[in-house]
Amino acid sequence: MSKKTHRTVPGVHPYDGPAGGWGALKATAIAVKNQMDTLKAPPTLMRTNQPDGFDCPGCAWPDKDHKSTFQFCENGAKAVTWEATTKRVTPAFLADNTVSSLLDRTDFELEGYGRLTTPLRYNRASDTFNELSWDDAFTIIAEKLAALQPDEVEFYTSGRASNEAAYLFQLFAREYGTNNFPDCSNMCHEATSVGLPQSIGIGKGTVSLDDFDSAELILSFGHNPGTNHPRMMGTLHELARRGVPIIVFNPMRERALERFADPQNVMEMATNSSTDIASTYYLVRAGGDSAALKGIAKAVLAIEAATGAGLDHAFIREHTDGFAQFAADIEATSWASVELESGLTQAELSQVAQAYVKSNATILTYGMGITQHNRGTDNVRLLVNLLLLRGNMGKPGAGVCPLRGHSNVQGNRTVGITEKPSTDFLSKLEKVFGFTPPSHHGHDAVQAMKAIVDRRSKALICLGGNFAVALPDSGVSFPAMRELELSVHIGTKLNRTHLLTGKETLLLPCLGRTELDEQDGTRQSVTVEDSMSMVHASSGKLKPASPLLRSEPAIVAGMAKAALPGTRVAWDALIADYSLIRDLIEKTIPGFEDYNARIREPGGFQMPLPPRDRIWPTPSGKAIFSVYQGTHEDLSVPGDNVLRLITLRSHDQYNTTIYALDDRYRGVFGRRDVLFMCDDDLNRLGLEHGDVVDLESAVKGYSMRLEGMTVIRYAIARGSIGAYYPEANVLIPLDYIDRESGTPSYKSAPVRITLRSREIATPLTPGAA
């Protein structure tokens, strides 16, 4: 044990309860009290994920038939109340607060001021945002875009944008002449979008919720469902209660994967009881998932050699290519290297292999703990390799389940938000709209920021999001944002990216998903696609936060109409009736046949998933075993004080949106300046619980620092440490990425740690982070 573990650290104390339960209900009540009219809140929350209601603006986990009577969770309630808040950012408030002073505040404080109410333009002379009309805003945008080359402009998309808004956005950009489409998927699941097509032909998961009903085993890699996709906990709770093994690989102990009390379970709530979730929990080292996966596969092949019962030979023979090369690589991989990289033993991984071979139907779930590494795409392909060994693809209760973040990040990609469009899609756009879209690849998120840093890109138009804050290396990216000729941000609330003002900066306030969207006196609905490829309608009913708000589709159309004087797109007609947008999606994207009719059905419809029928849209027509040619790419400077940093979301957080300063399940309250570390590393480095340390990047060629972090003891894998995102992004170079997908390595960045002070540090005030 580390020395002086009895030291009391302000804001840090153990949380002994389960995930969910009364704590979740209390947190929901507090969110409602702090943000909404208490009379309006209950009916609003009850319309979440209902056929005539709105899709939760939080995570992308589906619900059965999209027609449950009670389908929102604690963090979903926070997302709803955060958007439906009664607080407002008025022109008077902005006149009294300079942009420089606002930039000293955290995103938590900025979003806490409430909803934007009017279009705004940055006034450099007064250093404030001032009101302007929508027509003037569109005119300014048009004039700036006319003076630039198309590939000098970046079009960023947040995963909360609807299919309709995203489709119009890509249409606007492509008619303008660029494929520069950085989006939030580039920062989280791009390794999925690259790796899965190489293995099975599509970049999406292959399971439905019904598959969980017949699964015999769940293998869970690199995700924390209690915080990042909380409605999944209901599914895991059901599985655990009927005895399905759930084997977890995660660098940290996460309470939701250990114990969960379902707020909808009367017995558990009445008795203060809970259900154990993970049957086995392995603390894999940060960056060690690839080694763990190879170890499991090695043990499966050993079982096959000993008993002849490890592999599905018929499936491998009929449906796959590359098995012999994969098996040879696994055979050549030593157990010593597997154990060193994964932090797990041969015996442990062999136990997993035995459970896997025993199961006739296995689902493998994974999150950003797999993708946000410099070998993230390799990790994804290795996951598929493991499933292919036993034919766990294209049969009930089996398949791969990537856990998406934002509620429509998958839908955005489906309707054309990609920097690498297919030739078929581009030809259909040309046929339907009469213009020739660009065919060369554009920029992803990291490439876009590098182009901004190099001043090759001179304008940024953001459909939602907190672009600069979400990306790594703020020391480089923040100053570069100030050199832009134009920055435009469509959003509901202030964030720090908005305040990195360029030569011309506009903030355009939009409707939220909870609000009534009327066009020409008719209530409109939009559509979203969840993690399991179900597309369904969403329609809010709340009175808009301001009469000046416009919908995201209307704002995109307004910009396009002004900036494209020769456009052949009937932008006004499309905004008057969103069903016409869906008609165009149907004409240009496969899988949307009878789009408008099918979204009127409760639950919507599922997009095509050929691997569910064992049809593989790969060049060979078969699923592909891939070969992973090594262990972790080590770019770090050697040294005993080098560890691998995992950036984390707190429980009161969704991406860069921070609802409060607590992280209940990890026992941190009122602060975010903490560093999670295990006892072994504390002892090895001569540190104590409560010490204040400085961190420095150990990536070769970079000098980046994060100072004044308080070390706290936590159950985390040896050699791994954790700190909150986005604060810890300053330690991750912009170029430290997975080379195949461009995904930043937020989950395994090498850093050095040095003692700063043995004085117990008080929590940083919100404005000091």
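Which residues in α15 meet which residues in α21? S290, L293, K294, I296, A297 and V300 of α15 meet N379, L382, L383, L386 and L389 of α21, where contact means heavy atoms within 4.5 Å. By class, this contact of α15 with α21 has 8 nonpolar, 2 polar and 1 charged residues. Ala, Val, Leu, Ile, Met, Phe, Trp, Tyr, Cys and Pro count as nonpolar, Asp, Glu, Lys and Arg as charged, and the others, Gly among them, as polar.

The model is predicted, with local features requiring pLDDT of at least 70 and side-chain atom pairs pLDDT 80 or more, while totals for chains, interfaces and linings use all residues. Residues are numbered from 1 along each chain as its sequence is written, and side-chain values use heavy atoms, with hydrogens and water left out. Helices (H or I, at least four residues) and strands (E, at least two) are DSSP runs, numbered from the N terminus.

Two packed helices are described by the angle between their axes and the distance between the axes. Axes are lines fitted to C-alpha atoms, for helices over the stretch in contact, and angles run from 0 to 180 degrees between N-to-C directions. Helix α15 (residues 289-307) packs on helix α21 (residues 376-389) at an angle of about 15°, and the axes are 9 Å apart. α15 is therefore roughly parallel to α21 (angles under 35 degrees count as roughly parallel, over 145 as roughly antiparallel, 65 to 115 as roughly perpendicular and the rest as oblique). The crossing of α15 and α21 is left-handed; that is, the near helix is turned anticlockwise from the far one by less than a right angle, whereas clockwise would be right-handed.

α15 also packs with helix α17 (residues 323-332), at an angle of about 105° and with axes 9 Å apart. This makes α15 roughly perpendicular to α17. K294, A297, K298 and L301 of α15 make the contact with F323, F326, A327, D329, I330 and E331 of α17. By class, the contact of α15 with α17 has 6 nonpolar, no polar and 4 charged residues.

Strand pairing was assigned where DSSP finds at least two bridges between two strands. An open sheet of 3 strands has the order β20-β21-β22, with antiparallel pairing. β20 (526-529) and β22 (605-606) stand at the edges, each with a single partner strand, so one side of each lacks a neighbour in the sheet. Strand β21 (residues 534-538) runs antiparallel to β22, joined by 2 bridges. V535 stands opposite F605 in β22.

Strand β29 (residues 705-713) is joined to strand β27 (residues 674-677) by 4 bridges, and the two run parallel. Here V674 stands opposite T710 in β29. Strand β28 (residues 692-697) pairs with β29 in the antiparallel sense, over 4 bridges. V693 stands opposite M709 in β29.

Rings of Phe, Tyr and Trp (its six-membered ring) pair if their centres lie within 6.5 Å; planes under 30 degrees apart count as stacked, over 60 as edge-to-face and the rest as tilted. By this rule there are 21 aromatic pairs. The rings of F155 and F169 have centres 5.5 Å apart and planes at 70°, so this pair is edge-to-face. F155 lies in strand β6 (residues 153-157) and F169 in helix α8 (residues 163-176), so the pair ties together parts 14 residues apart in sequence.

A cis peptide bond joins Y725 and P726, with omega about 5°. D127 has a positive phi of about 60°, although it is not a glycine.
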